[in-house]
Structure formats: C-alpha cells, structure tokens
Amino acid sequence: MNLANKITLARIFIVPIITFVLLVRLDLGVLVMGDYSISYNQIVALLLFIIAASTDGLDGYIARKRKIVTNLGKLLDPLADKLLMAAVLISLVEMGKLGAWVAIIIISREWAVTGLRQVALLDGTVVAASQWGKWKTAIQIAMIIVLLINNFPFNFIDVRIDLIAVWAAVLITVYSGIDYFVKNKNLIPVSDPPAGTSGPAEKEVRRNV
C-alpha cells in the first residue's frame, strides 16, 4: 500500500477515536479561564479533527505528484472525508452544540453529490470539485472548530461567531449542492435506454438529457 492510501486510511481510523473522545465520559477534566471553560475531551477531539482535516487533499496531492493514483485511493478518499464530517456533526448534535437539521442538510448534500459522482464515473466521466465546493469544505471545517472550541475567543466579547459559522455553512452547503447539480444535470438519466441497448448507447442517452 502506497503512502497516499496510508494517509487516507489513517484519516478513517481517526474518526472513531474522535467520536469516542467526544461522546464517552472519560472525565479528563475541564480547562477554566475566567468565564470560559472547555473540557479536555473537546481539546483532544479538536486536535485530532484538525490533524485529520489537514490531511484532506494531502493524500491526493502525494498520489498525483508521485503518480501513484489507485482505484483504492479513489474509493477511500471521498469515503474518509464523508465519514469524518458525518461522525463529528452527529457527535456535535448529541452534545447539544448543533441542531440536528443542520447535520441532516450537510450530510444529505455530501452523499447526494457523491451519488452523482458515482453516476458520472459509470459514464466514464470524472467530475472535478468546484470552487464553491472547496469553499464549502473550508467553512464546514471552520464551523466545527468554532463549535468544538466553544466559540473561543469571541465569547469574551459576546459575539456569536459560532452561530454565524453555522448559518454560513448551511447556506454555502445548500448553494454549492444546487450549483453542482445544475452544472452536471446532463449526467442525470431521466429515462431508461431502449431495450436491448447498453454500453455506448447508454452513454449517448445520458449525454443528450
């Protein structure tokens, strides 16, 4: 197994550790600074999340630079990203730091886009991530960090950056999802191919919708 795939697998293995630290009462203690407090559980989970999120893109870069792109890597990389985001979002909902509807919107968008990409791959088409998609990922990561760190240091000046980050993540998630489907609507088959046809004929149907 090459280095890129090892990094991707490491990101997957970090996911249950983050969930365990956030949801299982380990009682590691609480850091208190005046009116601000944060559990060491959240600090550990935050550091692990930052490490995992920072590897998003690193594995792909290494694979392309060293020319070691594999089908396993193409499968694991998006899976690792979705597992990481979904696990942390669900954990935040369980902790009462995030509304369930926000997690549902974000997770639904991610899997819907993944489904469309799979349809494109079956058609022999690789759909690249859009600029809106990259901004979406960055804002979602920022939202999670702000929530895990309990709105520090903005809580000292009574500014709800955490709430702003949540709404920003929701809006850009919805917009980027709509933009993605609109720009790739030709990949969505709206009718079945004629009986007895397959392969190239099926591709022709998809391209002409």
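Does Lys 136 count as buried or exposed? In this predicted model, Lys 136 has a relative accessibility of 6% and therefore counts as buried, the cut-off for that class being under 20%.

The side chain of Lys 136 meets that of Glu 110 in a salt bridge, with an N to O distance of 2.8 Å. Lys 136 belongs to helix H6 (residues 131-148) and Glu 110 to helix H5, so this pair ties together parts that lie 26 residues apart in sequence. Glu 110 is likewise classed as buried, at 9% relative accessibility.

Glu 110 also takes part in a salt bridge with Lys 82, where the closest N and O atoms are 3.9 Å apart. With a relative accessible area of 11%, Lys 82 is buried.

A further salt bridge joins the side chains of Arg 160 and Asp 162, at 2.9 Å from N to O. Asp 162 has a relative accessibility of 13% and so counts as buried. Elsewhere, shared partners link salt bridges into one network comprising Lys 82, Arg 109, Glu 110 and Lys 136.

In general, side chains of opposite charge can pair when their charged atoms come close.

Notes. Residues numbered from 1 in each chain as written. Predicted model: local features only at pLDDT ≥ 70, side-chain atom pairs only at ≥ 80, totals over all residues. Heavy atoms only, no water. Salt bridge = Lys/Arg side-chain N within 4 Å of Asp/Glu carboxyl O. Buried < 20%, exposed > 50% of the residue type's maximum accessible area, 1.4 Å probe, protein only. Helix = DSSP H or I, 4+ residues; strand = E, 2+ residues; numbered from the N terminus.
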